[in-house]
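Subject: Structure for your review

Hello,

Please find the structure below, with the sequence. My notes on it come after.

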Amino acid sequence: MKIGVVMGSTSDWGVMSGATAILDQFGVEYEKRVLSAHRTPAALEEWVSGARERGMAAIIAGAGGAAHLAGVVAAFTTLPVIGVPIKSRSLEGLDSLLSMVQMPSGIPVATVGIDGAKNAALLAIAMMAVTDSELKAKLDEFRAEQAKKVLESEI
């Protein structure tokens with residue numbers, strides 16, 4: 001199984017690269033694309049509609065501003081969709097966040113915090129780890145290492 005990572009613009013890569021870095025760290029395969037809900041809707045629908053057949057377990061969708069990408073992705077698939085609202089210049093990402101969390105009933109988008117691409121990847125990994133014991137072990141180790149760093153820290 002793999003994860004889809006899609007963003008509305010190349011300018012989103014600075015944030016979304018955090019998701020692929022986590023996926024790389026865990027050895028999880030992924031497909032990454034730049035597709036716009038507004039500028040390339042037909043190409044987006046084609047890519048999303050074939051995601052399950054290409055072995056995807058979930059899709060992480062990052063966008064700023066109106067941030068319709070995650071919702072449109074969710075409309076085209078029953079795979080879990082994790083939205084990453086990206087900080088915008090005008091409203092600091094609040095517009096993006098609200099666009100994602102206010103999805104209509106029946107078309108859910110799990111949404112992480114503004115610029116939270118790393119958490120989106122960890123959420124996708126946790127979903128996959130429900131049935132993948134090797135990935136679960138890696139996630140348990142990751143969490144244990146985080147705890148160790150906190151306990152070893154001094155002020």
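Predicted model: local features only at pLDDT ≥ 70, side-chain atom pairs only at ≥ 80, totals over all residues.

Residues are numbered from 1 along each chain as its sequence is written, and side-chain values use heavy atoms, with hydrogens and water left out.

(A pocket is an open set of points on a 1 Å grid over the protein atoms alone, where a 1.4 Å probe fits, with protein on both sides within 12 Å along at least five of seven lines; lining residues have an atom within 4 Å of a point.) Its lining has 19 residues, and Ser 9, Asp 12, Arg 39, Gly 64 and Gly 65 lie nearest the centre.

The second largest pocket has a volume of about 160 Å³. Among its lining residues are Met 1, Phe 26, Glu 29, Asp 132 and Lys 138. Helix 6 (residues 133-152) contributes the most to this lining, three residues; a helix here is a DSSP run of H or I, at least four residues, numbered from the N terminus.

Surface: Leu 91, Leu 94, Leu 98 and Val 101 make a nonpolar patch of about 350 Å². (Patch residues have over 30% relative accessible area and no salt bridge, with nonpolar side chains joined within 5 Å; a salt bridge is a side-chain nitrogen of Lys or Arg within 4 Å of a carboxyl oxygen of Asp or Glu; areas are Shrake-Rupley with a 1.4 Å probe.) Leu 98 belongs to helix 4 (residues 94-101).

Regards

How values were computed: Patch = residues over 30% accessible without salt bridge, like charges linked within 9 Å, V, L, I, M, F, W, Y side chains within 5 Å. Helix = DSSP H or I, 4+ residues; strand = E, 2+ residues; numbered from the N terminus. Points joined across faces, edges and corners; volume = space filled by probe spheres on them.
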